[in-house]
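Thanks for coming. I have one structure to go through today, and I will keep it short. Let me put it on the screen.

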Amino acid sequence: MEPQKLFSSIPKHCQGGHYATLTLEEKKAIINYRRQKAYDSLNEVEALTQLAFWNLAGNRLYYAVYHMASALLLDKGFSARTHSGVIHLIGQNFITKGFLDKSYGRLFTRLFDLRQSGDYDDLYDATEEEIIPLIDKTKSFIKEMEGKERMGNAFFVGAFFRQGGERKKTESGQ
């Protein structure tokens, strides 16, 4: 079943970040839906750069990373209610523990700041020189996160314990 159709079948009370009651199938549907949103956002960047809409391209780069990060976090049993929370959890659980390169943490923060400035600062306009170098870095970051997601919980939990982390209880109680 397509992620969009599965997602629409998830009870409304579970769609806003309350994941404790999700079935495994529902959880997978949300992860796939977020993964697809990440790639859709990347595709939008291509069109926006052709039109020289640099603020919007920066916005879509940020959301590509945000959606994939949200998918990765859900895959590993974490949930955040805010954008800053997603950035924090990726930093705390993946970057500081060495699962993702530190440059990706800086990139995520840079894209967040770029989106904030482009969306809310009256006197800010992103430029081609700012956006173009971020595209390939964003694509690499997304692929890296997706690779961690596909390894499954066994990889992360085992490596997490070797790094001295505390175990996070997931929906399955494991």
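What you see is a predicted model. Its secondary structure comes to 8 helices and 0 strands.

Next, the chain as a whole. It has 174 residues, and buried residues make up 46% of them. Now take the contacts with a separation of 6 or more: 63% of these come from residues 24 or more positions apart.

Let me turn to one pair of helices. Two packed helices are described by the angle between their axes and the distance between the axes. Here the pair is α3, residues 24-50, and α4, residues 54-75. They pack at an angle of about 165 degrees, and their axes are 8 Å apart. Because angles over 145 degrees count as roughly antiparallel, that makes α3 roughly antiparallel to α4. The crossing of α3 and α4 is left-handed. And what kinds of residues form the contact of α3 with α4? They divide into 16 nonpolar, 4 polar and 7 charged.

Last, helix α5, which covers residues 83-95. Helix α5 has 13 residues and reaches 17 Å from its first C-alpha to its last. That is close to the 18 Å expected at 1.5 Å a residue. Which residues of α5 are buried? The list is Gly85, Val86, Ile87, Leu89, Ile90, Gly91, Asn93, Phe94 and Ile95.

That is what I have.

Key. Residues numbered from 1 in each chain as written. Predicted model: local features only at pLDDT ≥ 70, side-chain atom pairs only at ≥ 80, totals over all residues. Heavy atoms only, no water. Axes fitted to C-alpha atoms, helices over the stretch in contact; angles between N-to-C directions. Helix = DSSP H or I, 4+ residues; strand = E, 2+ residues; numbered from the N terminus. Parallel < 35°, antiparallel > 145°, perpendicular 65-115°, else oblique. Left-handed = near helix turned anticlockwise from the far one by under 90°. Nonpolar A, V, L, I, M, F, W, Y, C, P; charged D, E, K, R; others polar. Expected span 1.5 Å × (residues − 1). Buried < 20%, exposed > 50% of the residue type's maximum accessible area, 1.4 Å probe, protein only. Contact = heavy atoms within 4.5 Å.
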